[in-house]
Amino acid sequence: MSITGIGSRSSLAVQALVDMRHRLDDLQRQLGTGKKADTYAGIGIDRGFVVGLRSHVSAIGAYDDTISSISVRMNLAQSALDRIADISHTTKSNAFAAPSIQGNGSTLAQSTAFAELGEVFGLLNSQAGDRYLFSGRAADQPAVETLDHVMNGDGARAGFKQIVDERRQADLGGVGGHGRLDITGPTLTSVQVAEDAVSPFGFKLASVTSTLAGATVTGPAGSPAVASVDLVTNPNDGETIQFRFNLPDGTSESITLTATASATPGPNEFTIAPSSDLTADNLQAALTAAVDKLADTSLTAASAVAASKDFFGNPPQRVVGPAFSSATALVAGTSTDTVSWYTGENGPDPARGTATARIDPMITVSYGLRANEEGIRWIVQNMAALAAVTFSPTDPNATERASALNQRVGENLDVPAGMQKVEDIETEIAGAQSALTTATDRHRQTKSALSDLLTQIEGVPTEEVATQILALQTRLQASLQTTSLLYKTSLVNYI
Amino acid sequence: MSLTQSLATAMAGLRTTQAGLSVVSANVANAETPGYVRKSLVQISTAAGSLSTGVRVDAINRQLDQYIQRQMRVESSGASYADLRAQFYDRLQSVYGVPGADATLETLYNDFMAATQALSTSPDSASARGAVLSAAQVLTQQLNGMTADIQGLRSDAELGLADAVRQANEAMQRIAQINQQLGFATANEATTENLLDQRDRYVDQLAQLMDINVVPNDRNQISVFTHSGLQLVGISASTLEFDAQGSITANSQWSADPAERSVGTLVLKGPNSGDIDLIANRAIRSGQIAAYLEMRDQILVGAQAQIDEIAAGLARALSDRTTDGTAVSFPPQAGFDIDLTGLLDGNSVTLTYTDNLSSTQRTVTLVRVDDPTALPLSNAATANPSDKVVGLDFSGGMASVISQIMSALGATGLAFSNSGNTLHVLDDGAANAVNVDAVSATKTVASLTGGSAEFPFFLDASASYTGAIKSSGSQITGFAGRITVNAALLADPSRLVVFQTSPLTPSGDATRPNFIFDQLNSASLTFSPQSGIGTTGAPFSGTLPAFMRQVISQQGEAAEAAASLKDGQDVVYNSLKERFNSSAAVNIDEEMANLLSLQNSYAANARVLSTVKEMMDTLLRL
C-alpha cells in the first residue's frame, strides 16, 4: 500500500526505497538468526512438517534423557547384584570349610556371613538419586529393614533369631521331646517309633529297613506316622536296622543301628541279649540315644534353615505359641508381632514390570527389582540361617551341629535347578541395557537426520544471504543515487 | 483594423500569459499536495468579423483520466482491505510466536510431553512431578496469553472500526458540502476545479474505507452508494453509527439479534430513511471496514476456536473416562445397562442401535444439559457428523429423563427404563425391528484419587471442564483463556502418581504418568469443525499434536496468502496510480518548459505593445 500524505509521485519512489530497506533488514535478521523466517507464515508450505519435526526431535531428546537416567539405575543395580552373587559364592566356599567354633560361639563362616549379610542389606537399599532400586514400585521406601531389626527384632516385633529359637523348640519338642518322636516298647519284644502329632515340626518317619533276622518291621504308616519293629527272635551279630527321617528343611537323615555281641556297644550299636525281649530294650535305648543326638545336630540345623524359609517368606510364618514345643501349626506373622524384612512394594506381578521406561515410541524396557525376588531372597535367607545360630564351645555336639548347618547352607547356596538365580536377574537387566545402547545409537542417527532436515527447511545458507545482502545493498545504493540524481536533474536548475 | 486593436490584442495576450503563469505557479506550488490534479489553461482566440481580435482564457482544466480514477478507487478499496487484513494476520502470526522459540505453543507442548516422559521414568521423583506441573502451567499460561492477544486484536478491530466510521462520516459530510457548493458554482473556474480536487480526495478516502459506487450527475455533483446500492451521499450525507464495545472477550459475538449481540454493529442512518444494519445486510465487502469486520467476526473468532479446541482437547484427554454399558438380557428383550451416576452437565451417553427394517446403524448421543433454555440441542452439538443429539434436563429426575428420551427419539422400538441412576436400554424383543448394539457413557472425572488414571489435571478456572452447553453458548468458547492447572494438584503434586488412597498407590507406580503421556502423545480425539479444521461431514480426528500442527499450518498458510494478496493488490494499485499520475501529477520539468514559453510569449506580447507604441509615435510625428 502506498503512503499518502506527500505527493503521490515522490511517494512511489520513496516506497520502493523503503521496501528495499525492509528487505535489507529482513536479510540481516536472517543472517543473524540463521532462520529463514520469524513467523510460521514465512516458513512456507513446510510449516506443519517443521512443527512435526521439532516435536520429533524434542521427543528424542526426552527419550535420551530417560535412557541416561535409567542406565545409571541399571548400572547401579547390576553392580549391586554382582556383589550379592560374589558374596553368595564366598559364603558357600566358607561354609564348606571344616567348622571351628570361636570364642564368641560362632564359626568363622558364620561371622563372615553375618558381616556380609550386612553388606547385602546395604546393597539392597541401594539408591539411584532418591530412588530405591530394590523396592518395586515403592521407590521412595527402603527395600529392607536394618539388619539389626531383622536379626534381633524391634520392640514387640520378633526378629529372625527369635523365630529360629521358637522353631527350634517346636522341632525338638523340648526336653525329652526326641525331635517330636515317641519311642516306646508296646510289647516285650518290640520297639515303636511314633510322631507325636500331625505337624510340620520335628522328625518325620520316612522308612525303616532292617536286615535283622527274625525281626518284623511294620510301617511307617498312619497319621501321625507310626513304625515298629518286633524282634521275634534275636538278631545275629552285625545285622542292622535303619531308620530314615525327613527333616523340616527338606533334607533327610538316617540312623543305622548295628546288632553286636559285645557287652559294651559303641555308638549306634546295641547288644544282643540272651532273649529277644531284652535285646529289644537295648535297641530302644540305642535308638533313643541316636535320635536325641540327631535332634541336637542335624534337626537343629535343619530347623534353622526351615525357620529362614518361614521368616523370609511373604507373609512371614511363625510357630503358634508359646508352648512352642508342643505346637502343631504355623501362623502368618503380622506387622505388629513380626519384623517384615522386605519393606518395599509387594505385588503378584513380576518384579521387572514394577519400573518401566519408554526409550523409543515403540520400545519399553522393564528394569524393576524387588529385594524379595526368589533369587535374592534365597541367598539372604540362607546366609541369615547360617548367621543366626550360635554354639556353646562346651557343647559336645556343637561342632557336629555347626557342620550340619554349614553343609545345608553350602548346598543351598548352590541354587537348586529351576530356581531363579541372581545371575538370571542380571541377565534380564543386561538385556534391557543392550536395548538402551541400540536405542541411543538409533536416536543419534535419527536426530541428526531430522536436525539436518529442519535446517534445510527453516535455515538459510549464510553465503546465500550474504550474497543477497551485497546485491541488495548495491541496488539500494544505485537507487538512492539515481533518485538523488533524478531530483537534481530538474529544469529548475538550468533556467 | 486599427493599431488600437492591436494594442488591445497584445494586452489580452499579456493577460492570458499572466493567467498561464499563475496556473504554472499553482501547479509548481501544489506539486506535492495530496489529491492535487495538474491544471492546464485552455485559451481561445476571440474574433470579430473576419478578423481575429484577441485571446481569452476559456477554461482551466483538470488533467485526469476519469476511467483510471474510477478503476483506481475500486482497487484502492481492495488494496486497503488486503493491506489491513495482511497487517492483522501478521499480528496474529506473532501470537503463535517465532517458530521453534521458547514461548511457542509447539515448544511448550513438547516440553510438557518431555516432562511427562521424565515423570513416567521417575514417578517417585518430586522434581519430576514439579517439572510436569510447571510445564503444564506454562502451557496453560501460553494458551491464556494467546487468548488475551487474540481478543486484544479483536478489540483493536473494534476500535479500528470506530475510527474508520468516524473518518467515513467526515468524508461523507465533506463530499455532501462540496456537492452543495458546486450547485452554485460555475463550471471550469479555478475554484470549481479546486473543489473537485478536494472532493476527489474525500471520495478516495471513503473508497479506502469501504467499497463504493460513485455516480456523477450534472453540475459536477456526485452521489455515492455502497456496493449494495444504499445511498451514502447525495446533496446531503447519511451517517454511519457504530456502537463500539469497551471490552471484547471470546464470548463477545456479533449477532443479528440485538439482545445477543455483544460487539458493535454498523448502522446507516439516512437523512430520510430508516436505520439499516450494514453488517446484517452484508453491505460492505471491501475496504478497511470490511477487513476489520472480517477479522473481528470471522478470522480471529476462528483462531480463538482453534486454541479453545486445543485447550478442551488437553482437558478432556486427561479427565474423560468412557465406560461401556453392561449387557443385560430379559428374554426376549436384550440390551444394556448404563450407570448415569456422576454424569455432569455436558457429559454424554452414546447409544448405538441397528434399525433392522432398514438395516442401518444409528447413533444417538444423549447430553446432559443443566440449562433448560439451551434445549433442544442441534445435531451439530457434537463433532460426530452422523449422530442424533438429544439434550436432557436432569432436574426432573430419571423418570423425566426417560420421557425426554422417548419423546425425542420417537417410535424407534427401543425401550428405556431405569432403576435408580441406572438406565436400561432394551430392544423390542420378539418383534426384532431394532437391536441395541452398544451403550457407553463418557463422564468427566472430578476426583484426583478416583481409582483410575483419568483425573482433572486441567480445570476451567475452578470448575470441571465438561463442554457444558448453555443458552449463552458452549463452555468451550474462550476456554483457552480460562484453562488452568488444577489447584489441588499444585497443592499436592503426588496426585500425579497416586490415583487411589486405599490401597495407596506406590510412589513409583507409573500408571498415571504413562496415561498422561499416552493421551498427550497418541490419543485420538475428534475436533469440532468450528475450528476451521475438518468439515462438518468429516471432522478432523487425530492426536492433539497433529491438530496443533494443522492449526499452525492453516494459520501460517492464511497469513502467507493474506500477505501475497496484499502484494498483488499493491502491484495493481500502484501501477494504476502510476498511470493516473502520468496525466494527473505535476511534472516540474514540463511546468518549467511552460514557464519558458510563457515568458517568451509575454516578451513577444510586450514587444508587440512597444512596436505599436513606436508606430503610434511615428504616426503622431507625421
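A polar contact is a pair of N or O atoms within 3.5 Å; within protein, one atom must be able to donate a hydrogen and the other to accept it, and residues adjacent in sequence count only if both atoms are side-chain atoms. In this predicted model, local features need pLDDT of at least 70 and side-chain atom pairs count only at pLDDT 80 or more, whereas totals for chains, interfaces and linings use all residues. Residues are numbered from 1 along each chain as its sequence is written, and side-chain values use heavy atoms, with hydrogens and water left out.

**View 1. The two domains of chain A.** Domain 1 spans 35–144 + 342–459 and domain 2 spans 181–309, with bounds from an automatic or database domain assignment. Their C-alpha centres lie 49 Å apart.

**View 2. Polar and charged pairs between the domains.** There are 6 residue pairs in polar contact between domain 1 and domain 2 of chain A, both residues being at pLDDT 80 or more. The two domains are also linked by 4 salt bridges (a side-chain nitrogen of Lys or Arg within 4 Å of a carboxyl oxygen of Asp or Glu). A:Lys293 forms a salt bridge with A:Glu400, with 3.0 Å between the closest N and O atoms.

**View 3. The side of domain 1 that touches domain 2.** In chain A, 13 residues of domain 1 are in contact with 15 residues of domain 2 (heavy atoms within 4.5 Å). On the domain 1 side, α9(A) provides the largest share, 6 residues.

Methods:
Chains lettered and ligands numbered in written order. Helix = DSSP H or I, 4+ residues; strand = E, 2+ residues; numbered from the N terminus.
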